[in-house]
Amino acid sequence: MAKGGCKAFADLIAASPDASSTYQSAAGGGITVFCPTDDAVRAFLPRYKNLTADGKAELLLFHAVPVYYSRGSLKSNNGVMNTLATDGAAKNYNFTVQNEGDAVTIKTAASGDAARVKSTVVDADPVAIFTVDAVIEPVELFKPAPSPTPAPSPAPAADAPKASKPAHHPAPVVADAPGPAATDSPPADQKKEAKKSAAAGAPPCVRWFAAALAAVAMASTLA
């Protein structure tokens, strides 16, 4: 393991008596180990150090299954696998293997990104060891990764207000201008008749005096 790029992980197993003894006893019956690379282990060490002794042993055992899988058979196996950390028949400390073409990944509910199988260190029945690019995190030791929150859909754009049509007002009806006010003066014919009536209705003395004035005026004209 140390020669294949898994020295940091091999050192952690050697430092855990429970993990070391379990690995040794499982090797005879068949074992497949998914060993994080040295870079992946170094990046994970701060979190590893916060685990209890039992938690550290369970994490190390979680990276192996008690069955030998060659690289070819591993590509044909999709689904949930028990690990060395699984407690008997209890459905705990499991991970899911997924295959897509030549890519093989291992995922748990606690890891946001799946660990990807990179290379083969040992593939000789009954032992197979493959490197992975990340530490595989069991949900029993770490909180499940939050599911991504979908982005809110954009609100539909409000329709632009339509320009209102100008209100049609009927043209005002203009009343005809009133004609000149009628005067109370009677027509000319009525005036003549009124004079005749007034002359006819005058007293006899007035009529005689008027005739005399007329005769004087005529005589003056002839003279």
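Predicted model: local features only at pLDDT ≥ 70, side-chain atom pairs only at ≥ 80, totals over all residues.

**Starting from one tyrosine**

I looked up Tyr23 to begin with, setting aside its neighbours within four places in sequence: it is in contact with Phe9, Ile13, Ile31, Val33, Leu60, Leu61, His63, Ala64 and Leu84.

**Who does Leu60 touch?**

One name on that list, Leu60, made me curious. I found Leu60 in helix H4, which covers residues 53–61. Is Leu60 buried or exposed? Its relative accessibility is 1%, and the cut-off for buried is under 20%, so I put Leu60 down as buried. Not counting residues up to four places away in sequence, Leu60 touches Phe9, Leu12, Ile13, Ser16, Ala19, Tyr23 and Tyr48. Phe9 and Ile13 turn up here, and I had already written both down for Tyr23. I also checked Leu60 against Ala85: they sit 25 residues apart in sequence, and their C-alpha atoms are 8.2 Å apart.

**The core**

Next I asked which residues of the largest nonpolar core touch the most other members. This core has 42 residues, and the answer is Phe9, Tyr23, Val33, Phe34 and Phe95. Helix H1 (residues 2–14) gives the most to this core, namely five residues. I jotted down a general remark beside this: in soluble globular proteins, nonpolar side chains tend to be buried together.

**The sheet**

Then I traced the strands. Seven of them form an open sheet with mixed pairing, and I read the order as S2-S1-S7-S6-S5-S4-S3. The edges are strand S2 (64–65) and strand S3 (79–82), each pairing on one side only. Helix H2 (residues 17–27) packs on this sheet, where it touches strand S1 (31–36), S2 and strand S7 (127–132). The direction of H2 makes about 140° with that of S1. Ile106 has Ala115 in S6 as its bridge partner.

**Stepping back**

Last, I took in the whole protein. I counted seven helices and seven strands, and from the N terminus they run α-α-β-α-α-β-α-β-β-β-β-β-α-α. Of the 223 residues, 29% are buried. Among contacts with a separation of 6 or more, 61% are between residues 24 or more positions apart. The accessible surface comes to about 15000 Å², and carbon and sulfur atoms hold 59% of it.

Technical notes:
Residues numbered from 1 in each chain as written. Heavy atoms only, no water. Helix = DSSP H or I, 4+ residues; strand = E, 2+ residues; numbered from the N terminus. Buried < 20%, exposed > 50% of the residue type's maximum accessible area, 1.4 Å probe, protein only. Contact = heavy atoms within 4.5 Å. Areas by Shrake-Rupley, 256 points an atom, 1.4 Å probe, with all protein chains shown as cover. Pairing = 2+ DSSP bridges. Axes fitted to C-alpha atoms, helices over the stretch in contact; angles between N-to-C directions. Core = buried A, V, L, I, M, F, W, Y, C linked by side-chain atoms within 4.5 Å.
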